[in-house]
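Me: I would like to go through this structure slowly, one question at a time. Could you show it to me before we start?

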Amino acid sequence: MARPRIIYIHGNRTMHWATAWTPWLRDELRNLGFATEFQTFPDSIAARREYWLAFLRDHLRAGPDDVLLGWSSGAVAAIRYAEREKIRGSVLVCPYTRLDDELERGSGYFDEPWDWPAVRSNQEDVAVFHSDRDPFIPQGQFETVVEALDAVAFEIPGGGHFLHQREFPELLEYLRLTYG
């Protein structure tokens, strides 16, 4: 099977996609021959569902040959996208199903129940990467997503929210082994 295109979805409160480990990962993926999309999404601070899902569908044309790589609220967008669209797979870094945060409540991602069976059936593979000490997302959130999607889970000790890492070798290795 051909290598998928990797579409990166950054988190909210972001001015530009290139933060922490993401430039390194993009370069490494390209060196391995993957097609990639690393772009700053419109409405990048609030990350509202109406704009992000439309951007994925209409601008990036995410579909059955693509893997969505979402970080934090980008992971939430990837989950919601897969409720209605076929994709090859998703890699969710620090995903969650709800946070008690005003910006999150206004995003539109949490206005309706999750359709976990649809998310799972619309893709072949799901992986979740999280830390044992995320300062923003309770551990139970990761467990909920992993269980609901029967996802492969990777817990990275001491990773926090992965904001201070300049490289993410565990993530690269997963993508290389699964899709390379």
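Me: Which residues of helix H6 (residues 139-149) are buried?

Reply: This is a predicted model, in which local features need pLDDT of at least 70 and side-chain atom pairs count only at pLDDT 80 or more, while totals for chains, interfaces and linings use all residues. Residues are numbered from 1 along each chain as its sequence is written, and side-chain values use heavy atoms, with hydrogens and water left out. Helices (H or I, at least four residues) and strands (E, at least two) are DSSP runs, numbered from the N terminus, and buried means under 20% relative accessible area, exposed over 50%, partly exposed in between (1.4 Å probe, protein chains only). By these terms, the buried residues of H6 are Gln141, Phe142, Val145, Val146 and Leu149.

Me: Why do the buried residues of H6 line one face of the helix?

Reply: The arc is taken from the directions that lead from the helix axis to the C-beta atoms. Seen down the axis of H6, the buried residues line one face because they fall within an arc of 130°.

Me: Which exposed residues does the face of H6 turned away from its buried side carry?

Reply: The buried side of H6 is covered by elements that include H3, S4 and S5, where contact means heavy atoms within 4.5 Å. On the face turned away from that side, the exposed residues are Glu143 and Glu147.

Me: How many residues of strand S4 (residues 89-93) are buried?

Reply: Both faces of S4 are covered, with Gly89, Val91 and Val93 buried on one side and Ser90 and Leu92 on the other. Strand S4 is therefore described as mostly covered, and the number of its residues that are buried is five of five.
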